[in-house]
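Q: I have a model open and want to learn how to read its features. Can you take me through a few of them?

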Amino acid sequence: MAPVAIDIASRPGENPTSSAPLKANLPLPVMSHSTLPAQWMFDEPIFELEKRAIFSKVWLLTSHTSHFSKPGDYVSGNYVFDYFIIRDRDNNYQAFHNVCRHRAHPVVTKSEGSSLVVGCKYHGWSYNPKGELVKAPKFDTVEGFDKSANGLFKVHTHVTEQGFIFLNYDSSATPVPFEDHFSQLPAEWKDTDFSEYEPFYQRQAIGNFNWKTMTDGYQECYHCTIAHPGFAQSLDLKQYTVEPLSNSARHYAPKKSNPEEMQRFTFVFPTNGVTVTPEMWYIMRTCPLSATKTRMEFDVFRRKGVPQEVLDENRKFFTQVQQEDFDLCEKTQRGLSSGIYNTGILHPREENGVLYYQGRVLDYCKTHLEKERHLGEAIYPARPLSQPDGEAPRCEADKICTELESSLSW
Ligand code: FES
Ligand SMILES: [Fe+2]
């Protein structure tokens with residue numbers, strides 16, 4: 001679908017890349033920032049633009065190497081697009097769109113498994129962990145059929161020293177370099193030995209809210225004393241601080257039980273949170289499904305040897321906080337979608353993290369839309385280039401799509 005005309009205006013005082021950390025002891029800046037307009041929280045064309053401008057181009061925190069122990073191990077999922085990650089015979093992590101090159105059935109259908117050949121369960125095409133097509137039943141007699149031109153669509157991967165697996169759907173050979181995009185992020189986790197933890201459990205819940213409704217809440221703790229009474233008992237929220245980093249943010253607050261000890265949370269643009277405690281750690285993935293539907297995923301790891309009752313207590317605590325956020329988002333979305341509310345004022349210190357990440361969203365969308373306007377058509381960075389319709393003259397059916405797009409949208 002081609003993009004529709006979207007009016008993206010900067011917000012007053014907007015400077016999305018320069019939100020400096022605002023510590024509790026600094027004077028408050030002048031109030032000058034508002035939220036993104038509510039339309040950004042329910043409008044499908046805006047969501048389609050975000051998919052092209054953000055989710056198809058940036059590095060997405062998707063998994064951790066703790067889920068893999070040997071070659072052939074894989075995990076699959078959906079993070080805007082269906083993907084799977086598999087460890088190859090050289091112990092490298094390969095990722096692919098989970099779409100068979102024959103007729104688009106998923107290649108793997110389980111959320112995790114192990115196999116050095118993955119076979120599509122529709123017509124039996126099979127691929128090795130490098131994504132090469134190794135078997136296409138009965139096609140060996142088809143003249144001109146080229147197995148090597150029908151490998152899986154590759155997704156870029158980056159694995160950090162701490163084992164975090166990032167994907168980038170950009171189909172070009174040169175996505176934004178990970179180190180440029182997240183110049184400060186890996187250092188945030190350098191003090192934790194993640195090999196001391198092992199997979200504990202995974203949980204999902206589908207909510208009726210925009211992905212940014214949840215991320216807005218994640219990026220501030222202004223709401224915590226009101227909405228998270230249990231959480232408020234465990235941390236000194238007066239000192240809760242959010243420091244924007246490069247496409248990420250450091251959150252921290254002293255523990256009430258030991259003010260010397262900081263509880264830290266890490267926001268990873270656009271939709272992830274990482275929480276590390278001595279007993280367990282988890283990735284929170286906020287996976288957009290539509291403009292008003294989002295799947296929350298919690299991928300939880302426990303420290304080896306921690307007694308079960310301690311883990312149960314931690315699990316209960318975090319699940320409670322997560323559920324409170326989930327309920328806030330479903331209720332808030334009603335107001336955002338109501339057509340009554342447009343924008344609200346952000347507190348310059350308490351909500352600086354919201355300002356920062358919303359600024360990044362706006363920045364990505366504006367830049368991408370400018371390119372599309374210049375070109376006169378939508379740009380889909382995740383769309384693989386090596387498809388027959390990209391190389392051969394467009395067929396009649398393709399022409400019809402193009403004509404419809406241009407007459408309806410531009
Ligand atoms: S769709 Fe996969 S083998 Fe036909
Ligand atoms: Fe919250």
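Q: Where does Arg295 sit?
A: This is a predicted model. Arg295 lies in strand 17, residues 293-303.

Q: Is Arg295 buried, exposed or partly exposed?
A: Count the other C-beta atoms within 10 Å: 20 or more means buried, 12 or fewer means exposed. Arg295 has 17, so Arg295 is partly exposed.

Q: Which residues is Arg295 in contact with, leaving aside neighbours within four places in sequence?
A: Gln204, Ile206, Cys287 and Leu289. Take Gln204: 91 residues separate it from Arg295 along the chain, yet their C-alpha atoms are 6.7 Å apart.

Q: Which residues of helix 1 are buried?
A: Helix 1 spans residues 44-55. Its buried residues are Ile46, Phe47, Leu49, Glu50, Arg52, Ala53, Ile54 and Phe55.

Q: What covers the buried residues of helix 1?
A: The cover includes strand 16 (280-290) and helix 7 (352-375).

Q: How do helix 3 and helix 6 pack?
A: Two packed helices are described by the angle between their axes and the distance between the axes. For helix 3 (residues 211-218) and helix 6 (residues 308-336), the angle is about 125° and the axes are 9 Å apart. That angle makes helix 3 oblique to helix 6. The crossing is right-handed.

Q: Which residues meet where helix 3 packs on helix 6?
A: Helix 3 brings Thr213, Met214 and Gly217. Helix 6 brings Asp325, Leu328, Cys329, Thr332, Gln333 and Leu336. By class, the residues of this contact are 4 nonpolar, 4 polar and 1 charged.

Key: Residues numbered from 1 in each chain as written. Chains lettered and ligands numbered in written order. Predicted model: local features only at pLDDT ≥ 70, side-chain atom pairs only at ≥ 80, totals over all residues. Axes fitted to C-alpha atoms, helices over the stretch in contact; angles between N-to-C directions. Helix = DSSP H or I, 4+ residues; strand = E, 2+ residues; numbered from the N terminus. Parallel < 35°, antiparallel > 145°, perpendicular 65-115°, else oblique. Left-handed = near helix turned anticlockwise from the far one by under 90°. Contact = placed C-beta atoms within 7 Å. Nonpolar A, V, L, I, M, F, W, Y, C, P; charged D, E, K, R; others polar.
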